Structures are given as structure tokens and as C-alpha cells.
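Try each task yourself before you read its solution.

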Amino acid sequence: MMFKQVFHKGAKVRQSIAWFIFLLVGLSAMPAMAVIKSFKKSADGVAFTLDKGLMKVLIRRDDIVEVKYTIFDAFETKSSLVVSNKWVQHSAYQVTDGKTEVVITTAKLKVKINKATNAITYTDLKGNVITAEDSDNKSITPATIAGISTYNVTTQFASPKDEALFGLGCHPLDSMSINYKGRNQDLAIKYLTGAIPVLVSTKGYGLMWDNYSASNFYGAEADNTKFKYVSESGKQVDYFFFYGPGFDHIIDLYRTATGKAPMFGKWAYGLFQSQDRYLSEDEILTVKDNYRNNHIPVDVIVQDWYYWDPLPIGSHVMKPERYPHPQKLVDALHAANIHAMISIWPVFGKGTPNYDALNKMGGLTDITWDNVVTHTFDTYYDAHNPKARELYWDQARDSLIKRYGWDAWWIDQCEPDNGALLDARRQSNFAIGKGIDYFNTYSLQHTKGVYEGWRRDIPGKRAFFLVRQSFAGEQRNASTLWSSDIECTFHDFKDQVPQGINTCTSGIPYWTSDIGGYHYHWKPADWSQPDKRELFTRWFQFGTFCPIFRIHGKGERAIFSKNWDENTRSILLNFDKLRYRLMPYIYSLAGRVTNDNYTIMRSLAFDYRGDSKVYGIPDQYMFGPAFMVNPVTEQLYTSSDADKKAKARQVYLPAASKWYNFWTGELLDGGQTISAAAPIEILPLYVKAGSIIPMGPDVEYATEKPNSNIELRIYPGANASFKFYEDENDNYNYEKGQSATFTLSWNDKTRKLSISDTKGHFPGQLKSRTFNIVMVKGAHGSDVALTAKADKVVKYAGKAMVVAL
């Protein structure tokens, strides 16, 4: 008995020691609470001294707050690569020192900082919580990654159960929900994985993390009551808080911080015809002739990669045996009113003068691409080196872009892509610092160099860059993100729809995908087969309602292609014509993108944030203020069980509006889910009651006819407004005020259309135009074709007028 008692007593001692050790280890692993010791107010914000580190709460505007936190003795002094605003103007604010918290009050917000934990709570002026950092909020912890001693940087927020979270960029292979609430996302830019560190919440705020290392978002913390953002390397937390509460205002604030998106030439909103790859100038000229001779609308033809073959990559030479007359080629396209786009990579093979020049000035990295064509390891230049960016631009300008008059640049392979060797990217040394700290910003800096060079050296032609990766801020570099090398499958097509929506919700306004997909098991799909025709048709319908509209991939798939039967071709042509008829609508929206920081491809939460039923819908979105687009991503006609499938898809009509079927004019109540007819020739398309849509004539390229004769479709049932925008279509005079707008306003109660005075002037501006006003009702004003008889025809000469209908 005594032995048992002694043993039991010893066991209790050991158990107590074990618990003590466990508590010590547990406490050391937990983020230490940094207590506020003192604070100091300055013109731009409040600096806090903590018992463990420093914190700044910077009032960038009444509705923009930047938060910095570090465990070190000072903050980093280097300039942000993402934030272009210098914050010269300071916003007024007040500070109140309470017993448990410090409260910063602006004209729109209260920022409450807990003295015991430094956790920040953001409220409106009435004290309603917008969002709040968790009590375990900001942490910086030692880590070793790829053999590099660094620090993981984390911020964590509380997240109510009814919150929905959008953004975080384009992840082409992501098949999960559009809503990041309750799920995680890898945010390390690599092949087929993107990262834009911008998050937008239905609670009315946005966040942007100003850290460039590989990161992760965790949206399911603590049983979905928290989320956190973890960057693998850094010495400070640095994030921006944007208060909307509407999504449009959040994106406006994001671009206020990081830069406006410039206008593209009007041609860039038409159809791009591209293929992997055209092999000669004769082939490109044949494509031109087939489009123009068959009167198929198109604005751009693209020369994809390896026009330099068999020379090394980076030669910037169009192989003379296949392209004997590059200047005549571009001139011939221009003569046919077609713009010319060429692919130029940031990768260089050894043995080229361009490689040698960059190498001599220290402008190359040690990051290499395993070239799938030549099986050589070719080298990336250092896009983080300003002098290397300048030399890179000079080489491309003098060899190709300015020399021959190319109109647009396809920037491929700009992750940089070195396959699975991601640690080699981390260990690389850029001019600006270690690769681990600049893992995600290569494309941002690469596009910075070519955009700045283009603006300086090609002043009369708007820049357009198609890029395989984007990071926060890249919209200011005239960049359009495309979703990389996806496969020619319905599965991949289905994945693209939410990726486009979330990219645009991340503040990048221009997104596109390869219509049809890029490859089928790395070979061309057989586009003559019925299943591939169905896939291409559905993808083309979706592409019609993307910000940028482009055909690309392996295998012949131009609209004139013999791979299409006549029924397929007629459907493709109908949607191509619809895109061009909508050019006045689309170009006006592009004007709003640049002038008002607008978003064309819109998550339903932009316009229906109060309707929780839209939060989880991955495949419906608004295209501008009028259209709700509902792509058909299911194989309804050519699957093995096609005879059992209804030729329809489920569509939720948001409750706050009534909806017109674009094809039939039928008016439906919102707040219901319908089975929308989806025969192969139809993309279910609905127009919000209370919309005005200006439609132009049938044209074969974007600038063929002036907007002198506009069909103005009015969808009654609510008041409506639309700002019509025009400029010279291609140059930067609009930045000098040379553009014009007028506003169309519909009063549903009085049945009157008001047209404002025209504001602004530009060379070549129309002095008058005709509006063929169509009140949509049933078949009258529905579908693609010109409406046979307008309800009223009016002449507008730039002076305000009111039209009774």
C-alpha cells in the first residue's frame, strides 16, 4: 500500500512538471501581446510605442488607414512597390486617450486601438463595427525558409459568420467556391497560380497587404470565425484598410492608393484573333484576308512565340526565312484596320547580343527557365533593376516594337517561371533585395519598365500589355491579366468564370482567358469534333462578356475556320456582332474605369451586397450596370448522358431588381431562382430593369463608324442613368482633358428621358447625332439585331433636352 501511495505521489509530481513545461512551451508559442506604452500624434497619423516593438496608424484619407507594426527598433524605410500615392495631402483626425483604448476619429471612421493588445477595431461614426483585428492580431516570428533566416509576418481578423470575402486574384485551377469565407488560398505566384493581396468583404471594407513574399490566406480559422494572412518573409506588418461600404468605393480607394488604369485604344475592346502559333507572315496575312473578306468583325491579330526559331529566345528577331518583310506585314494589317500584337518574353538564351549586353551591365538573374522547345536553361533578366528594365525596353523597342510599329505587347512567362524550383527563386538576388522578399513582384516591375518606356518613346499610341501574372498595382501599367495555359475542357472553363470575377474584385479591371482553352493534353484539340465545338461556343459566349475578348490556343479556331459547321459559325458570328454592337456601352464603361476607378466585370456583391443569396454564386456576374451574365459551363449536348440533361441552367435573379430576358424581352421578378433556357445558341443574359444601353451599328472593327447613330434601349421599371463617354480612341490627349461625356437619365414615373449637356471637347468630336430610342417590351427591342422601328427618333446636338415617351 505504501509503495502504491509513493508511486501515485511521484506520478502526480511528474504530471505537475509536465503541465508546467507544457504551459511554458505553449505560452512561448503564442503571440505575445504587445501593450501600448505611449503614443504620439503627427500630421499623417499616430505612432505607438509598445512594450514589444512599434506601431503606426496612418490616416491616409478619411476612409483609408495604413497600419504598420514591427518588433524591431525601427520601421523599414524603403518605398512601396505597390503604393504609388505619395499622400501629400493629410486628412484631419482627432485622437482620444481613454482608459482601455485610444480612439482615432476621421470624418468617416473610428479606429479604436486596444491598449492591452494593440488590436484595432474599425467602426463607423455611430460605433457599428466594420471589422476588427483579433486579440491575437499582428505577429512577426522567426523562421528559416530555403535556408534563409527570416520572419513570418501575420495579421488576423475576426470574421462574423455572415461575412463573405472576395478577391485575392486569379487562380486558374481553383475549382472551389468564389467566396473565400471558410477556405484557404495559396498566394505564391508561380505557373498557374496567381496572387493579388486584396480582399473585399460584404461587411463593407477592403484590405490590402503590402508584402511581396510568398503568402497564404487562411479563411477558416477558429471554426470560420477568423481569417488570417501570413507572409513568409518580412520585418513588419503593413496593410491598408479601405472603407466602402460599397465595393465600387473600396476599389476606388484601392486605385487611389496604387494607381489608375489608363485607357486602352478603342480597338482593344474588340476581338483578338490569336493562335499557338502562326508560323509565317503569309499565314498571318491569310488570317487577315479571311476575316476581312468574310466581313467578320475583328480588331487584333497576334503573333505568338517562337517567331525567332531557330535563333535563341531573346533574339528579338523575326526569322527572315519566314518573316521576310516585318514592316510590310504590320503595314498590311494596319491597312486592313487591324492592330498587330507580338509576344516578347523576359527570358534570354546565351549567345545573343541582348543576353551579352544585359549580362555585362549586371542585369541578369540566376533564375532560369527549362526551355520546352530547345531544352536549354534560359535566363531571366532582373526586372527589379531599373537600369536592366531600361535596357530591356530599349532592346525590344529598337528590334521590334517601334521599328515595325507593333501596337500591343504580349508579356508571357513573367512569374518568373522556373518550374518546381521555387526555393531557387527565394535564394536569388535581385538588385533590390533577396528573392524571398520579392517573390511576387516580378511582373509588376517588368510591366513598370515596358509601360514607362512605351509612354516615353511611343507617345501617340496607347499601351496595351497582355500579362500572365499580375500583382497589386499592376493596373497602372496598362496590363490585362489572362488566366494562363488552361486546358480545353469544360472543367477548366467552369473554373475560369469565378477567377475572372475575383480578379476584377481585386482591383485589376482587365481580365481575359484563352477562349476554348490553351491546350488539350499539350496538343491541339480536334475542333471539328462536336464536343469541342460545344466547348468553344460556350466559351466564346462567355468571352463576349469579358473585359477583353480574345481567341487563343493550340489548333485552328478562328471564326472562319473550316473546323466549325455552319450552325456553330453562325452562333459565333452572332456573339461577335453583339460585342461590336455594344461598343458604345463598353467604351463608355472603359472611360469610367479610368476616370472613376470603375469595375466592368462585377461580382454580384458590387450591386447586391445586401442579398446574401448572391455570396456563394460562382458563375453569375454583372457586366457593367445593365447586364447579368450567366455562362453555361456544363456540357449539355455532347456528353454521354446528354439526352437526360435539360438544356437550361439555374439562374438566381437578385431580389432588389426586376429582370428582362435580353433575348425575348420577358420581364421577371427578382428574388427567385429560375431554370433559364440555354439552347446552344443562347447565353442566358438578363438586363436589370432601370437600364439604358447604347448600341451602335454593325461594324467590322471598333472605329469603323462614328457614334452618329445610336440605338438607345431603355429597360423601364425603375429609374436609370448612363454616362456616355467618347474621346479620340487612341492617344493620351484624354489625360489633358480632351474627351467628352453626357448623361442619359430615365425617370420611370414621368416616362421621360433627359439628356444632359455635353461636357468636354476633343478633335473630331461629333457636332450632332441621332438617337433611335427603343422602349423594350417583349420582342420589341430584344435580341442582337437592330430594332426595326424606334419608339422615337431624336437629334442631339450637345445641348440638354428632355424626351417624353
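**Exercise 1.** Which residues line the largest cavity?

*Solution.* First, the ground rules. This is a predicted model, where local features need pLDDT of at least 70, side-chain atom pairs count only at pLDDT 80 or more, and totals for chains, interfaces and linings use all residues. Numbering starts from 1 along each chain as its sequence is written, and side-chain values use heavy atoms, with hydrogens and water left out.

Next, the search. On a 1 Å grid over the protein atoms alone, a cavity is a set of points where a 1.4 Å probe fits but cannot get out, and lining residues have an atom within 4 Å of a point. Points are joined across faces, edges and corners, and a volume is the space filled by probe spheres set on them. The whole structure gives 6 cavities of 30 Å³ or more, and the largest has about 80 Å³.

Now read off the lining: Lys266, Tyr580, Met583, Pro584, Gly696, Pro697, Val699, Ala702, Lys705, Pro706 and Asn707. Sorted by class, that's 7 nonpolar, 2 polar and 2 charged residues (Ala, Val, Leu, Ile, Met, Phe, Trp, Tyr, Cys and Pro are nonpolar; Asp, Glu, Lys and Arg are charged; the others, Gly among them, are polar).

**Exercise 2.** At what angle do helix 12 and helix 13 pack?

*Solution.* Helices (H or I, at least four residues) and strands (E, at least two) are DSSP runs numbered from the N terminus. Helix 12 spans residues 566–581 and helix 13 spans 583–596; they pack at about 55°, with axes 5 Å apart. Axes are lines fitted to C-alpha atoms, for helices over the stretch in contact, and angles run from 0 to 180 degrees between N-to-C directions. The pair is therefore oblique (under 35 degrees is roughly parallel, over 145 roughly antiparallel, 65 to 115 roughly perpendicular, the rest oblique).

Arg579, Tyr580 and Arg581 of helix 12 meet Met583, Pro584 and Ile586 of helix 13, with contact meaning heavy atoms within 4.5 Å.

Technical notes:
On a 1 Å grid over the protein atoms alone, a cavity is a set of points where a 1.4 Å probe fits but cannot get out, and a pocket is an open set with protein on both sides within 12 Å along at least five of seven lines; lining residues have an atom within 4 Å of a point.
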